[in-house]
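User: I've got a model open here. Can you walk me through some charged residues and their surroundings?

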Amino acid sequence: MLRLIYAFRNTCAGFWHAGRTERAVQEEMVLLILALPSAWFLGTGIWDRVAMLASVLLLLAIELLNTCAEKLCDHVTPAIHPQIKIVKDMGSAAVFCAILICLLVWGGALALRLGLITS
């Protein structure tokens with residue numbers, strides 16, 4: 001049980017640091033806060049709401065992983081290096097894919113709410 005408490009403390013420290021220092025993480029945390037009530041009103045059922053919130057949490061998780069990779073790359077070599085650029089670009093591509101997932105899920109929920117599609 002003590003291990004879980006320490007792990008949770010580390011998690012909170014990670015969120016705290018990323019939230020204070022990383023602009024993209026800050027924006028996605030605000031997006032998550034806005035998504036909570038929005039999903040409640042926009043979603044037509046529990047699974048719509050779960051998918052909507054999960055897509056934003058997925059985006060935040062991938063952004064955190066991308067930030068970790070970038071920080072590690074910068075620690076290994078602060079100089080511009082072609083292989084490091086590739087790693088950073090792939091992390092950015094992963095975030096872009098997560099953004100597309102959010103758009104698909106939230107767009108589908110909006111279309112369902114507006115009656116443009118049926119479930």
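Analyst: Start with Glu28, which sits in helix α2, residues 23–42. Helices are DSSP runs of H or I, at least four residues, numbered from the N terminus. This is a predicted model: local features need pLDDT of at least 70, side-chain atom pairs count only at pLDDT 80 or more, and totals for chains, interfaces and linings use all residues. Residues are numbered from 1 along each chain as its sequence is written, and side-chain values use heavy atoms, with hydrogens and water left out.

User: What is the nearest side chain of opposite charge to Glu28?

Analyst: Arg23, and it is 11 Å away. Glu28 is buried and has no salt bridge. Buried means under 20% relative accessible area, exposed over 50%, partly exposed in between (1.4 Å probe, protein chains only). A salt bridge needs a side-chain nitrogen of Lys or Arg within 4 Å of a carboxyl oxygen of Asp or Glu. For charge, Lys and Arg count as positive, Asp and Glu as negative; His and the chain ends are not counted.

User: Which residues does Glu28 touch?

Analyst: Leu59, Leu60, Glu63 and Val95, not counting residues up to four places away in sequence. Contact means heavy atoms within 4.5 Å.

User: And Leu32, buried or exposed?

Analyst: Buried, because its relative accessible area is 18%. Leu32 is also in helix α2. Leaving out residues up to four places away in sequence, Leu32 touches Val56, Leu57 and Leu60.

User: Switching to salt bridges. How many does the structure hold?

Analyst: It holds 4. One of the pairs is Glu22 with Lys71, at 2.8 Å, N to O. Glu22 lies in the loop between α1 (2–21) and α2, and Lys71 in helix α3 (residues 46–76), so the pair ties together parts 49 residues apart in sequence. Glu22 is buried at 17% relative accessible area, whereas Lys71 is partly exposed at 46%.

User: What about Arg23, which side chain does it meet in a salt bridge?

Analyst: Glu27, at 3.6 Å, N to O. They are 4 residues apart in helix α2, so about one helical turn separates them. Arg23 is exposed at 58% relative accessible area. Glu27 is partly exposed at 45%.

User: Where does Lys88 find its salt bridge?

Analyst: With Asp74, at 2.5 Å, N to O. Lys88 is in helix α4 (residues 82–113) and Asp74 in helix α3, so the pair ties together parts 14 residues apart in sequence. Lys88 is partly exposed, with a relative accessible area of 25%. Asp74 is partly exposed, at 38%.

Conventions
Helices (H or I, at least four residues) and strands (E, at least two) are DSSP runs, numbered from the N terminus.
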